[in-house]
Amino acid sequence: PSHPMAGAPSSDALGAARDRYGFDADKAQGPALPKQERLARLRLENSRAVKWQHMIAEWDSFTLGTGKGKFKSRVRKGIPDGVRGHVWQVTCGAMRTRQSDPALFAAYVQRPSPFDGDIRKDLHRTMPSHIQFKAGADGQMQLFNVCHALAIHDPAMGYNQAESYVTAALLTYMTAEEAFFVLEHISTRLGQRRLWMPSMEGWGEVSDKLDGLVNARLPKLHRHLEEHGVNPTLYAFGWFMTLFSKDFPFESMLRIWDCLLCEPVPKGLKILYRVVLVVLKEAEKDLLRMQDVPQMTEHIRRLPFTNTELQGDKLMAKALKVSLKTRALQPMRTDGGVSGRGPGGRTGAHSDRGR
């Protein structure tokens with residue numbers, strides 16, 4: 001899949017207007033930009049794309065050698081759309097794993113799964129405003145195949161609806177086979193399977209970590225939320241379950257994923273907590289005046305769409321200023337990875353060749 005550059009609007013064969021990411025214009029995932037700003041973004045993204053092509057050609061020196069600092073800096077500035085899917089796959093190690101077992105995904109697609117009925121039920125409600133996932137579009141079959149394959153690969157986890165949003169986002173940047181291996185990395189190496197298990201056993205741990213951070217960083221707001229029974233489950237559960245691929249601006253999600261997938265495990269996980277802390281900080285003044293729980297939770301969830309300070313470059317600048325030590329976020333256990341053939345338990349992600 002490819003993406004129009006720098007916020008340029010487009011239309012499909014029937015003339016329906018779409019935003020730069022393929023969403024219907026009336027469901028656009030970001031503000032419409034003036035022409036001059038779009039052109040400025042185009043020039044900047046083209047310039048960055050050239051630099052990224054150079055980095056890809058000299059991959060090891062930038063990810064293992066003296067250029068590591070520059071690589072991290074450029075990831076945090078945003079990976080250009082034209083190379084984003086490739087960079088995600090290479091840096092997280094999914095490309096190497098796919099190349100080591102090239103027949104795995106096709107074999108999984110051919111096998112039946114008891115979770116297929118549940119997967120099919122969610123196809124029509126996963127990114128329905130995106131051109132790739134409208135009724136009858138090829139993206140729906142690709143979405144089914146990836147979720148189906150992961151359910152076979154990890155039958156103990158099976159299928160969770162949250163996977164479908166993460167998978168759909170991946171499919172806008174890569175093929176179904178490529179998306180499967182990145183999804184497996186997210187599930188196993190990043191520990192997401194503990195949230196996607198039927199028991200959702202990992203959520204209590206995540207919720208406790210987030211609640212502790214809010215208490216430490218925003219104590220006045222934490223007291224107010226606690227007094228009204230507003231805990232992380234009410235405002236952040238969906239964000240963590242879908243890794244911000246649902247109910248969050250798409251462009252902002254991409255920037256979060258740049259860090260999540262391209263910074264070493266578990267350091268990349270810090271961006272999830274940083275973003276929530278920034279949203280709460282921005283919402284604090286209004287929240288302290290509110291007493292109604294539904295109003296408070298809705299305000300938190302909607303703010304990233306309505307407040308331009310919580311979008312794109314501005315969101316990332318604020319989030320990356322949040323000091324957060326890796327040891328404060330011990331990684332969720334990933335020992336539930338599937339044994340035997342397949343992508344579980346890879347090593348040396350950052351040593352993959354970028355070509």
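This briefing covers the nonpolar core, the cysteines and some backbone features of the structure. The model is a predicted one. Its largest nonpolar core holds 101 residues, and the structure has zero disulfides.

**Nonpolar core**

- Among the 101 residues of the largest nonpolar core, those that touch the most other members are W88, L170, Y235, F240, W257 and L272.
- Helix α17, which spans residues 270–287, gives the most to this core, with 11 residues.
- Leaving aside residues up to four places away in sequence, W88 touches I79, L170, Y173, M174, L254, W257, D258, L261 and C262.
- In soluble globular proteins, nonpolar side chains tend to be buried together.

**Cysteines**

- A disulfide is a covalent bond between the sulfur atoms of two cysteines.
- The structure holds zero disulfides, and for C92 the nearest cysteine sulfur, that of C262, is 7.7 Å away.
- C92 has a relative accessible area of 2%, so it counts as buried.
- C147 is also buried, at 1% relative accessibility.

**Backbone features in loops**

- The peptide bond between V265 and P266 is cis, with omega at about 5 degrees.
- P266 sits in the loop between α16 (250–262) and α17.
- M127 is not a glycine, but its phi is positive, near 45 degrees.
- M127 belongs to the loop between α7 (116–123) and α8 (138–153), and its relative accessible area of 7% makes it buried.
- D247, also not a glycine, has a positive phi of about 60 degrees.
- D247 is found in the loop between α15 (237–242) and α16, and at 41% relative accessibility D247 is partly exposed.

Definitions and conventions. Residues are numbered from 1 along each chain as its sequence is written. This is a predicted model: local features need pLDDT of at least 70, side-chain atom pairs count only at pLDDT 80 or more; totals for chains, interfaces and linings use all residues. Side-chain values use heavy atoms; hydrogens and water are left out. A nonpolar core is a set of buried Ala, Val, Leu, Ile, Met, Phe, Trp, Tyr and Cys residues joined through side-chain atoms within 4.5 Å. Buried means under 20% relative accessible area, exposed over 50%, partly exposed in between (1.4 Å probe, protein chains only). Helices (H or I, at least four residues) and strands (E, at least two) are DSSP runs, numbered from the N terminus. Contact means heavy atoms within 4.5 Å. A disulfide is a pair of cysteine sulfur atoms within 2.5 Å.
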